[in-house]
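Here's a quick briefing to read with the model open beside you. It starts with the whole chain and then moves in on a few residues.

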Amino acid sequence: MPSTSPQARLAGPSPRQAWRPLQRSTRVAIIGALLATVFYQIFLLDPQYRGPTWLWAAMLVAEGLIAIHAIGTWWTILAHDDRSEPANVTVWRNQLRAGAVVPSIDVFITAYGEAPELVRATLRAARDMTLAHETWVLDDGDSDVLRQICADEGVGYLRRDGGRHAKAGNVNAALGRTTGEYVVIFDADHVPEPNFLLQVLAHFDDPEVAFVQSPQSYANQTNLISTGSSEAQRIFYELVCPGKNHFNAAFCVGTNVMFRRAALDEIGGIATGSNSEDIWTSLELHRRGWKSIYVPQVLARGLAPVDVTSYFKQQLRWASGGFEVVLRGRLFRRGSELTLDQRLQYLFVGTHYVLSLAMLVFMLFPALYLLFALSPIRADGLTWAAHYLPFQVMVLVVTWLQSGGFRMSAIVASIGAAPVHARAFWATLRDKPARWSVTNQAGAGSRSLWVVMPQLALALLNTTGIVVGLVVMADPAPTWLSVAWATMIVLILGRIIVESVRPSPGEPLPEPPPVGAGRTAEPPVGAGRTAEPAVGGGRNAAPAAVR
């Protein structure tokens, strides 16, 4: 693979950054959080406070997992990569804009049963992006309606026989039928902005860059599920991804990404056989010595899950992929080309979902005390709170300072998905991964209590504990503390349970770019669909529909 020489860096902040500059107050808060973590862990290890050994061990493991992941996250945040773009990136972007450089680009929109009009909004925006390119809809749903839409809108249409390897197989089949030097992948519900190609492609001036990833951002926030999942994604892309970029450990998230075809060819295409083909593809590319770039600009907006069933389906798939990387990724094997930083960053992908296992343990503790007088820690409520609350408060303060605040819906959605993540962990241990499915597939959402049975069982267990604890009231101080804890759990899980049967408001389709920014009577220079070739030559940007 060719080498690249160091380049000078040029200041020039992007207009729509997906991160906040790392504030001095955040750095101070992280140091405070580290001290609070050590203070709490020492308390847990003190023999004089141990309860029953098995229960104390469970709490120690759960709290240890949280502490390890928190420290890893803070380390990543402190590495926040807020450097300006290299000068060569700016130069190449200007050349692309002027038409002096015209690389060939294939834009793939993966579809599998989504509403045709939703796909139409995405393909129109993709077709009309600045710079010459070919747009293809990869339809694994074999929809004749969608094929006609592609013909009407002047974009390419590809379908294949069978659906082997789901989305990864769909993309790989298209790679074999196209020839663009660069390949962009969008999910069917992610509408790109006109300048997506211009902003992303410029980073490929470095010949060692395999892919460039931009954030996922959700346009719909109409209920608890869509708002909570949107907020969780925002925090991830604002806090964590800039730090991962510093370690050359930014990974593909499956959409809003551009690949160098030569890099994909080297590893045989998108990885298959996993629920997270995106992160496995990234892992293999990093092992081969390729670089990745995270562009902290919101360049496409999609749709978040709007019902509990769709949200849990998404979380099951993502968690399964994260656990697969940890359990089968051989991150720390000898001879791996990964740096230590890269190995740790991939490890943190899985430990994020392990936090849900710890959360399930904590959901059982108040009921165990209220029903059976069992406690992992033998300390009065004041002593426990004096050690625990500083740790928990500082974790929230760090997140609050860096992200500019967060919504409770993100916490509710994350905790509510804990049983789903546990299910993914168990399935991965047995090598029975969850079946791949589309998050926003038309008609896929359902309203039923069956999807929240584990949450319902936990809520009932804690409700019973509250009633019994208040009736018996053997020891007021720890009883009231446990009742408060159990009440919080019941309220959070109850909110998810209610959401599982509540009809959601109508969800708008993603909006195409406004007139003047996308498809107009006179397409912009180098735009996707043109009557004449773009300035500087290029390819026909209205490919014929094919099977």
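How much of the contacts in the protein with a separation of 6 or more do residues 24 or more positions apart account for? They account for 84%, with contact meaning heavy atoms within 4.5 Å. Keep in mind that this is a predicted model, where local features need pLDDT of at least 70 and side-chain atom pairs count only at pLDDT 80 or more, while totals for chains, interfaces and linings use all residues. Residues are numbered from 1 along each chain as its sequence is written, and side-chain values use heavy atoms, with hydrogens and water left out.

**The whole protein**

- The secondary structure comes to 17 helices and 9 strands; these are DSSP runs numbered from the N terminus, with helices being H or I of at least four residues and strands E of at least two.

**Nonpolar cores**

- The largest nonpolar core has 37 residues, and Val137, Leu197, Leu201 and Phe204 touch the most other members. A core here is a set of buried Ala, Val, Leu, Ile, Met, Phe, Trp, Tyr and Cys residues joined through side-chain atoms within 4.5 Å.
- Among the elements that each supply at least two residues of this core are helix 3 (87-98), strand 1 (105-111), helix 7 (196-201) and strand 6.
- Helix 7 gives the largest share of this core, 5 residues.
- Once neighbours within four places in sequence are set aside, leucine 201 is in contact with Trp92, Leu96, Pro103, Ile105, Leu131, Tyr182 and Met258.
- There's also a second, separate core of 30 residues, including Ala29, Ala70, Ile377 and Met394.

- Glutamine 213 sits in strand 6 (residues 209-213) and counts as buried because its relative accessible area is 1%.
- The side chain of glutamine 213 reaches the backbone nitrogen of valine 253 at 3.0 Å.
- Leaving out neighbours within four places in sequence, the contacts of glutamine 213 include Phe251, Cys252, Val253, Ile293 and Tyr294.
- Serine 292, in strand 8 (residues 291-294), is buried too, with a relative accessible area of 3%.
- A polar atom of the serine 292 side chain lies 2.9 Å from the backbone oxygen of alanine 250.

**Serine 356 and its partners**

- Helix 12 (residues 340-372) is where you'll find serine 356; this serine counts as buried because its relative accessibility is 7%.
- Which residues does serine 356 touch, not counting those up to four places away in sequence? They are Ala418 and His421.
- The side chains of serine 356 and histidine 421 are joined by a polar contact of 2.5 Å. That term covers a pair of N or O atoms within 3.5 Å; within protein, one must be able to donate a hydrogen and the other to accept it, and residues adjacent in sequence count only if both atoms are side-chain atoms.
- Serine 356 and serine 414 are 58 residues apart in sequence, yet 8.3 Å apart in space, C-alpha to C-alpha.

**Cysteines**

- The count comes to 0 disulfides, going by pairs of cysteine sulfur atoms within 2.5 Å.
- Cysteine 150 is buried, at 0% relative accessibility, and cysteine 252 is buried at 3%.

Terms used
Buried means under 20% relative accessible area, exposed over 50%, partly exposed in between (1.4 Å probe, protein chains only).
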